[in-house]
Amino acid sequence: MPDTIDIRSSDNADVVRSVGLACLTAGLLGHVLAAQAIGGSYLAYRDHLLGFAGLTVVSGAVLALIGWRFWRGRPERTVLVLGVVQLLFGVVAYEMRFSVHG
């Protein structure tokens, strides 16, 4: 049994990518639940889903440039960081529903 873990193994990359995709899904769920909590109208869903998509495109482009510079050849790290960013924004969007008066 080895004493160290090879962080460049493909199994580890698959796990990191899966965690990133799970975080992206949770971020999307936060936006959907926030839209539902403020009334569930077409406008609420449209705005939250467009916000999620827009944030994914903008932060994905910025993170792709950062990833190209600092962790070239490791796209699973970019997916993980993008997922965490979306998760944080999804939680913030869901928590901010309390300040919306409708």
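I began with V62, which I found in helix α2 (residues 42-70), where a helix is a DSSP run of H or I with at least four residues, numbered from the N terminus. V62 is partly exposed at a relative accessible area of 45%; buried means under 20%, exposed over 50%, and partly exposed in between, with a 1.4 Å probe and protein chains only.

I noted that the model is predicted, so that local features need pLDDT of at least 70 and side-chain atom pairs count only at pLDDT 80 or more, while totals for chains, interfaces and linings use all residues. Residues are numbered from 1 along each chain as its sequence is written, and side-chain values use heavy atoms, with hydrogens and water left out.

I then looked up the surface patch that holds V62: together with V57, V58, I66 and F70 it is nonpolar and has about 490 Å² of accessible area. A patch takes residues with over 30% relative accessible area and no salt bridge, nonpolar side chains (Val, Leu, Ile, Met, Phe, Trp, Tyr) being joined within 5 Å and like charges within 9 Å; the areas come from the Shrake-Rupley method with a 1.4 Å probe.

For the whole chain, I recorded three helices and zero strands, a strand being a DSSP run of E with at least two residues. Of the 102 residues, 26% count as buried.

Next I turned to helix α3 (residues 75-95), whose 21 residues reach 30 Å from the first C-alpha to the last, close to the 30 Å expected at 1.5 Å a residue; the expected span is 1.5 Å times one less than the number of residues. Its buried residues are E76, T78, L82, G83, Q86, G90 and A93. They lie on the same side of α3 because they cover an arc of only 145 degrees around the axis, as given by the directions from the helix axis to the C-beta atoms.

Last, I went through the salt bridges, of which the structure holds four; each is a side-chain nitrogen of Lys or Arg within 4 Å of a carboxyl oxygen of Asp or Glu. R74 pairs with E76, with the closest N and O atoms 2.5 Å apart, and I found R74 buried at 12% relative accessibility and E76 buried at 5%. Salt bridges that share partners join D14, R17, R74 and E76 into one network. Within helix α1 (residues 10-37), D14 and R17 are three residues apart, about one helical turn, and their closest N and O atoms are 3.3 Å apart.
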